[in-house]
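The sequence and the structure are shown first, and the description follows.

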Amino acid sequence: MISSLASGGIGVPSTAAELKSSERNELVPDLARKVHELMLKARVLEERLIAMYKQGDGYFWIGGPGEEALNVPLGLLVNKGQGLDHDYLHLHYRSNATVLAMGADPVDWLRQMKSTATDPYSRGRNFAGHTTIRKWNVVPINSPIEVQFSVAIGTAEAQRKAKSKGITIVQGGDAGTAEGDFATCLVWSSRKGSELPLLIVVANNQYGISTPFEGQHGEAHIADRAKAFGIQTALVDGNDPEMCTAALTEAFHYVRTQRKPCLLEATVSRLYGHSSATGAKLVRSEVDCMDHFEQKLEERKILTRAQMNEMRARFTAELLEASLRVREEPPPLPHTIWDYVLADKNNVGNGKGDPWQP
Amino acid sequence: MATMIQAIRMALHVGEERLGVTDIFGQDVGPPLGGIFTGTQGLKTAWNSPLDERGIVGMAIGLALAGQKPVAEIQFCDYAFNVIDLLKIAGNIHWASAGDWNVSLVMMTPVGAGIRGSIYHSHSFDAQATRIPGWKVVMPSNPRDAYGLMLSAIADPNPVMFLEPKALLRVKGQPGEQIPGEPSDDKALSKMIDAPLGDRSAWKPEWPKLGEFYVPIGKARIACSGNDVTVLTYGRNVPMCTLAANELAKEGIGAEVVDLRSLHPYDWAEIKQSVQKTHRVLCVNEDTEITNFGEHLIRRITEELFYELHAPPKLLAGAHVPGVGLADALERATVPQVSSIKAAIAMLARHEP
Ligand SMILES: Cc1ncc(C[n+]2csc(CCOP(=O)(O)OP(=O)(O)O)c2C)c(N)n1
């Protein structure tokens, strides 16, 4: 049984057979409740963001409903903090549950969705789900697919050289692994004698925007590509938070202790399609990690259906109320486009336009 | 006097000794070669990267995010075109994150024609570079400025692109352009800091006691003063324009050559002052002429100093062809030469409104 997510605090499953045994990977009730609560919060947050988009309170939605079972345990396993002795995160636009599990305020996502001046991640500049939290080493999430795989090697290299306690985590989707940045990541992280403490997580939802996996990949598993570089790999059912917890715990432990890269490929669902560009409609044919987990929790008598329903209703009401408040928050002022162009000059706009006009 | 490449190497040495440089890296940058132009020989933090420009720029960004001070080299700017999206990211992280992060790194890369480099070792990068907001962009035209600009680039909290005019890398400084602390004897300097040919495994440089000398980013330099025509240029074209100006001085034409040194931010105050004096402007650079940085300068001069002008501003730049051809006649026909610069200055000077 998995009883705690504190680093190194649990019996890490060491064999594939152990990993496959879901019983051994069962979370103890307290932890199961915690993971469930965060998954539910993340799901309700996605639903609120989609609703805001559909009501005209945002220009675009993209997020991670269907990745919560992978992303919540990931966020809980992070050694959170600033600097080399903590973990660096290079996430993608479906990572909301990870950042939420680390302790971020869900209301800040609503602010980014509404493009308010109070949006702490980008002051109204970026799409929802493009978080950045320097005090926790969460580097800015970017829209270009896969570039984080080229950048992540840099924080990992700094940690390697410093022999620090922290590791680097990089995450992306399946289609994006066709980009050269994925090859960059494999090549640079596995150089003999200079291996990087890098956890590579591929969330395989079987699609690009519309292009299915089969049309894009000759390899059976994306993880197989890492084997040629001697990189440790693992496959996991990303719809099962208990399996994900076990596999991620093992992967974190390996990277933390061996100071070498590891690639974990998780099969996940894309519950509301690619983004608002494809309608953000619920896709009923996809497996829903919440349904499965809640069923298990009910069977194991960890939570009752009524309790879970009550939680869902409460989170939904809280975020609805928050979204109404966020609606009243101010939009960014036009002259703020000049803020933060450079780090030394013109940190805050003076409203006079081009900073280069003397 | 040191050559420009020796000056860059000495600045990088001061960078790693005193300014916190942690990583100097790129293809063939570490031992044994120390850079294909020798710019990184003997540096203690220099290392060889895989042959992967995206990895080099991504690594630099990641190192900077992790609080390191990287100097990354792209071996020739001709091979930087597949990293433009990463350069954009380096330039937008501070802005996109509303000041949460900054990316303090230096990217250095040799640019331009003049060494018979053919289609893929002659590209310019100034037009591309100045189109990426969030970066500072500098290009020296002499060893001392190279030294001072590199120190400023290293100390800067932003990403700074250091464009190296490759035709000038082996050119020595002029008298009076001494780098503080460099030995006055060229041979002595070479013996101290140039790696020997052959086996270098036991070689260690002996660095001179160098002073810190900063050329502020954003400050131009008057390479030669004159009252008749303002010539706005940088890098390899600075000595060419100066030569043209010296020859024209004999014909009674006074050209003022403004060596911009910083392309972004650029020294508008200096440009304005010169144009208000001469009333005639020529921009000279090697990049292809369509959507050229000189075009921007001309646009701004036309908008803001229109009534100061006594002649239409002129741009002398690279021909808008896909590459710089190898044969001597082709290279000369593609990028500005002293003769074409001279002709353009003279034409502007003689122009009657
Ligand atoms: C470099 C780049 N090319 C194209 C796009 C447009 N685009 C956005 S998401 C996407 C599909 C990404 O698929 P995958 O990597 O599997 O991740 P998923 O969205 O399925 O999680 C594409 C093509 C982009 N953002 N960046």
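This is a predicted model: local features need pLDDT of at least 70, side-chain atom pairs count only at pLDDT 80 or more; totals for chains, interfaces and linings use all residues.

**Chain A and its sheet**

Chain A contains eleven helices and five strands. Of its 358 residues, 52% are buried. Among contacts in chain A between residues at least 6 apart in sequence, 73% link residues at least 24 apart.

An open sheet of five strands in chain A has the order 1-2-3-5-4, and its pairing is parallel. Strand 1 (88-90) and strand 4 (232-237) of chain A stand at the edges with a single partner strand each, so one side of each has no neighbour in the sheet. On average, and with direction ignored, neighbouring strands of this sheet are turned by 15° against each other.

Within this sheet, strand 3 (residues 198-204) and strand 5 (residues 262-267) of chain A run parallel and are joined by six bridges. A:I200 has A:L263 in strand 5 of chain A as its bridge partner. Helix 6 of chain A packs on the sheet, where it touches strand 1, strand 2 (168-173) and strand 3 of chain A. The direction of helix 6 of chain A makes about 170° with that of strand 2 of chain A.

**The contact between the chains**

Contact between the chains involves 35 residues of chain A and 35 residues of chain B. On the side of chain A that touches chain B, the elements that give two or more residues are helix 6 (147-162) and helix 7 of chain A. Helix 6 of chain A gives the most to this side, with nine residues. By class, the residues of the side of chain A that touches chain B comprise 18 nonpolar, eleven polar and six charged.

A:D181 lies in helix 7 (residues 180-189) of chain A. Is A:D181 buried or exposed? A residue counts as buried if 20 or more other C-beta atoms lie within 10 Å of its own. A:D181 has 28 other C-beta atoms within 10 Å and is therefore buried. Leaving aside residues up to four places away in sequence, A:D181 touches A:E146, A:V147, A:F149 and A:S150, together with B:R54 and B:G58. A:D181 and A:P334 are 153 residues apart in sequence, and their C-alpha atoms are 35 Å apart in space.

**Around the ligand**

There are 14 residues around the ligand, and those that come nearest are A:I145, A:G173, A:A175, A:G176 and A:G208. By class, this shell has five nonpolar, seven polar and two charged residues.

**Strand 4 of chain B**

Which residues of strand 4 of chain B lie on each side? B:V106, B:M108 and B:P110 are on one side, and B:M107, B:T109 and B:V111 are on the other.

Strand 4 of chain B pairs in the parallel sense with strand 3 (residues 70-73) of chain B over three bridges. In this pairing, B:E73 stands opposite B:M108. From strand 3 of chain B the chain crosses through helix 3 (residues 84-96) of chain B to strand 4 of chain B, and this β-α-β crossover is right-handed. Strand 4 of chain B also pairs in the parallel sense with strand 6 (residues 160-165) of chain B, over six bridges. There, B:V106 stands opposite B:V160.

**The mixed sheet of chain B**

Five strands of chain B form an open sheet in the order 7-9-8-11-12, with mixed pairing. Strand 7 (221-224) and strand 12 (314-318) of chain B are the edge strands, and each pairs on one side only. Neighbouring strands of this sheet are turned by 25° against each other on average, with direction ignored.

Strand 8 and strand 9 of chain B run parallel. In strand 9 of chain B, B:D259 is the bridge partner of B:T233. Helix 7 (residues 237-249) of chain B packs on the sheet and touches strand 7, strand 8, strand 9 and strand 11 (281-288) of chain B. The direction of helix 7 of chain B makes about 170° with that of strand 9 of chain B.

| Strand | Partner strand | Bridges |
|---|---|---|
| Strand 3 of chain A (residues 198-204) | Strand 5 of chain A (residues 262-267) | six bridges |
| Strand 3 of chain B (residues 70-73) | Strand 4 of chain B | three bridges |
| Strand 4 of chain B | Strand 6 of chain B (residues 160-165) | six bridges |
| Strand 8 of chain B (residues 229-233) | Strand 9 of chain B (residues 255-259) | five bridges |

Note on methods. Residues are numbered from 1 along each chain as its sequence is written. Chains are lettered from A and ligands numbered from 1 in the order in which they are written. A residue is buried if 20 or more other C-beta atoms lie within 10 Å of its own, exposed if 12 or fewer, and partly exposed in between; C-beta atoms are placed from the backbone. Helices (H or I, at least four residues) and strands (E, at least two) are DSSP runs, numbered from the N terminus. Two strands pair if DSSP finds at least two bridges between them. A crossover is right-handed if, with the strands pointing away from the viewer, the path from the first strand over the helix to the second runs clockwise. A residue is near a molecule or strand if its C-beta atom, placed from the backbone, lies within 6 Å of it. Ala, Val, Leu, Ile, Met, Phe, Trp, Tyr, Cys and Pro count as nonpolar, Asp, Glu, Lys and Arg as charged, and the others, Gly among them, as polar. Two residues are in contact if their C-beta atoms, placed from the backbone, lie within 7 Å. Axes are lines fitted to C-alpha atoms, for helices over the stretch in contact, and angles run from 0 to 180 degrees between N-to-C directions.
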